[in-house]
Amino acid sequence: MTMMDAGSRYGAVSRALHWIMAVLLLAMLGSEVWFEALEDSLSEASLMAWHQSVGLALFALVVFRGLWRWLNRSRLTAPAHWATMAKWGHFALYALMILMPLSGLATALGEGDTVTFFGWTVFASGPEVAWLEDSGEDIHEVLANVLWLMIGLHVTAALAHQYLLGDRIMKRMAGS
């Protein structure tokens, strides 16, 4: 098993980043549902601290993943007939994964809340800035919906490649 990507297969680092980020993104996107399920046993502040911490971790992972992808840029190519769509689809996913935590950060700073990363203060509490809170929250919600759509398109495209086109593209990201 190689760390770097190769001609027709993602390397161990790319695969690990992909699947770890997929699980964390789905947990974050579904957090509104399970926040409600846990609201009686955990405080809203502790749930939000967890949400912020995982969001910041995802932001760091997407930056690292972008750098890793850049290092591997010539090692793995999309099938020629889908290259443009794959390029734009991945660009949209990366843009959303960068904008989501930034809009969440804007919301938290607008609320005047402390922003923490697993207990460490990243930004101390400050004054409330209503326009920043409202704009950040609205953008965060819209981006979450668009991200759900893009994840759905990503999964649909992978399944179509695998089962309709028969090019076994999912094997490139599989662990075996």
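# Group meeting talk: helices and pockets

Okay, let me start with a pocket. The lining of the second largest pocket gets at least two residues each from H1, helix H2 (31-38), H3, H4, strand S1 (115-117) and H5. Before you read too much into that, remember that this is a predicted model.

Let's stay with that second largest pocket for a moment. It holds about 1,300 Å³ of space. There are 41 residues lining it, and nearest its centre you'll find Ser31, Phe35, Met48, His51 and His140. Which helix gives the most to this lining? That's H3, with 12 residues. Sorted by class, the lining has 22 nonpolar, 11 polar and 8 charged residues.

Now let me step back and show you the whole protein. The secondary structure comes to 5 helices and 2 strands. If you walk along from the N terminus, the order of the elements is α-α-α-α-β-β-α. So much for the order; as for extent, the C-alpha atoms fill a box of roughly 55 × 30 × 30 Å along the principal axes.

Next up, how the helices sit against each other.

Pair one is H4 and H5. Their axes come within 8 Å and cross at roughly 155°. Anything over 145 degrees counts as roughly antiparallel, so H4 is roughly antiparallel to H5. The crossing of these two is left-handed. And who takes part in the contact? By class, H4 with H5 has 16 nonpolar, 9 polar and 3 charged residues.

Pair two is H1 and H3. Here the axes come within 10 Å, with a crossing angle of roughly 150°. That makes H1 roughly antiparallel to H3. The crossing of H1 and H3 is left-handed. If you want to find this contact on the screen, click on the H1 side first: the residues there include Leu17, His18, Met21 and Leu25. Over on H3, the partners include His51, Leu58, Phe64 and Trp68. The residues of this contact divide into 14 nonpolar, 4 polar and 1 charged. Notice His51 of H3: it belongs to this contact, and His51 is also among the residues nearest the centre of the second largest pocket.

From H1, the contact is made by His18, Leu25, Leu26 and Leu29, and from H5 by Ala144, Leu147, Trp148, Ile151 and His154. Those residues divide into 7 nonpolar, 2 polar and no charged.

Rolling a probe the size of a water molecule over the atoms shows where empty space is left. About 1,600 Å³ of space lies in the largest pocket. Of the 49 residues lining this pocket, the closest to its centre are Tyr10, Arg69, Ala86, His90 and His154. So what does each helix bring? H1, helix H3 (44-71), helix H4 (83-111) and H5 each supply at least two residues of that lining. The biggest share comes from H5, with 12 residues. By class, the lining of the largest pocket divides into 34 nonpolar, 9 polar and 6 charged.

Methods
Residues numbered from 1 in each chain as written. Predicted model: local features only at pLDDT ≥ 70, side-chain atom pairs only at ≥ 80, totals over all residues. Heavy atoms only, no water. Contact = heavy atoms within 4.5 Å. Helix = DSSP H or I, 4+ residues; strand = E, 2+ residues; numbered from the N terminus. Nonpolar A, V, L, I, M, F, W, Y, C, P; charged D, E, K, R; others polar. 1 Å grid on protein atoms, 1.4 Å probe; cavity = no way out; pocket = protein on both sides within 12 Å on 5 of 7 lines; lining within 4 Å. Points joined across faces, edges and corners; volume = space filled by probe spheres on them. Axes fitted to C-alpha atoms, helices over the stretch in contact; angles between N-to-C directions. Parallel < 35°, antiparallel > 145°, perpendicular 65-115°, else oblique. Left-handed = near helix turned anticlockwise from the far one by under 90°.
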